[in-house]
Amino acid sequence: MPPAAPSQESVRLRAAFSVRVRPVADRAAPRGYQLRGIRRISDSAGLSRLPRGTRAWPARYGRVRGVWMRAPGADPNRGALLYLHGGGYVFGSPRSHRTFAYRLSKRVGVPVFLLDYRRAPEHPFPAAADDALDAYRLLLAQGYPPEKLLVAGDSAGGHLTACLLGDLARLHLPQPAGAYLVSPWLDLTVASASRRDGQQRDPFLSPAYAAKCRDAYVTNTPWNHPRLNVLGAGKSGWPPILLQVGGTEALVDEARQFAGSHAATELEVWPGQIHVFPIFSNLPEGRDATNRAGEFLGGLLTGCQ
């Protein structure tokens, strides 16, 4: 469970992001040289070497592309996890999130498929949502029963994960065993995040930049479109969900609203933590949150062997 107070490591990280990252994010735009730069910076996070015995290989199945990640000991017979990376729908990739995927594979004990979904502004809605749905259908077609499938995503990938669950419900397709949402961006109007940011400034996430990313993704589509409005969606039949969010985030209120609309959501608000803090393996809270996710998701697969 979340600690009562943040570690010194997380306090220092929060201060660094507040001074160095948030001011840049407020002025940035998801286009041109700025977008190319942030994509390169984001992908550089995946340059670290993976532990010995880890297997990672690219895969393409028609239009579905991605990278499989299997930590030592992960058993494909136990199941698989579909991971949808964050990045405001405009940056992020399997490369940027491969270390986190390794950690999830290790903790849950299954291989992870990092989907390389199409990004905006080159590919606006519904490209990413269609890719996520196609990837889930692919895993079903490969022989994974739904009770052995898990889905997860961070930030915009958390929104995409919730969109996928909504699509499955509308299409009467089987739901996965469970889902994991990491600092999900759930309100594309950005109204909730803007209000929260006005009360307590988010040290990392910029609502202004989020609104620009939203415009790049949805273009002329109404924000209350059934495939986008996950907060207003009926969630009957949705699987158990673990939702982790940092206490400093502008996304806290919408996380609470989502949890209130789905009784099977376990909401964890981690005091003093920044946006997508579980990705930071150098933080004690990041490691603890990932361990907690492993317990939650692995527990959903127990008995499905």
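This is a predicted model: local features need pLDDT of at least 70, side-chain atom pairs count only at pLDDT 80 or more; totals for chains, interfaces and linings use all residues.

Me: How many residues of strand β5 are buried?

Reply: Helices (H or I, at least four residues) and strands (E, at least two) are DSSP runs, numbered from the N terminus. Buried means under 20% relative accessible area, exposed over 50%, and partly exposed in between (1.4 Å probe, protein chains only). In a regular strand the side chains alternate between the two faces of the sheet. In β5, L149, V151 and G153 point one way and L150, A152 and D154 the other, and all are buried; the count for residues 149-154 is therefore six of six.

Me: Which residue of β6 is the bridge partner of V151?

Reply: Two strands pair if DSSP finds at least two bridges between them. Strands β5 and β6 (residues 178-182) run parallel and are joined by five bridges. Within β6, the partner of V151 is A179.

Me: What is the hand of the crossover from β5 to β6?

Reply: The chain leaves β5, passes through helix α6 (residues 156-170) and reaches β6. A crossover is right-handed if, with the strands pointing away from the viewer, the path from the first strand over the helix to the second runs clockwise. This β-α-β crossover is right-handed.

Me: Is Q175 buried or exposed?

Reply: Q175 is found in the loop between α6 and β6. Contact means heavy atoms within 4.5 Å, and, leaving aside neighbours within four places in sequence, Q175 is in contact with residues including Y136, L165 and W238. Because its relative accessibility is 15%, Q175 counts as buried.

Me: What distance separates the backbone oxygen of L165 from a polar atom of the side chain of Q175?

Reply: A polar contact is a pair of N or O atoms within 3.5 Å; within protein, one must be able to donate a hydrogen and the other to accept it, and residues adjacent in sequence count only if both atoms are side-chain atoms. For the backbone oxygen of L165 and the side chain of Q175, the distance is 3.1 Å.

Me: Which side chain is joined to that of E268 by a polar contact?

Reply: E268 lies in strand β8 (residues 265-270). At 3% relative accessibility, E268 counts as buried. Its side chain has a polar contact of 3.1 Å with the side chain of W270.

Me: Which helix gives the most to the lining of the largest pocket?

Reply: On a 1 Å grid over the protein atoms alone, a pocket is an open set of points where a 1.4 Å probe fits, with protein on both sides within 12 Å along at least five of seven lines; lining residues have an atom within 4 Å of a point. The largest pocket is lined by 41 residues, and F17, I38, S42, F91 and F204 lie nearest its centre. With eight residues, the helix that gives the most to this lining is α3.

Key:
Residues are numbered from 1 along each chain as its sequence is written. Side-chain values use heavy atoms; hydrogens and water are left out.
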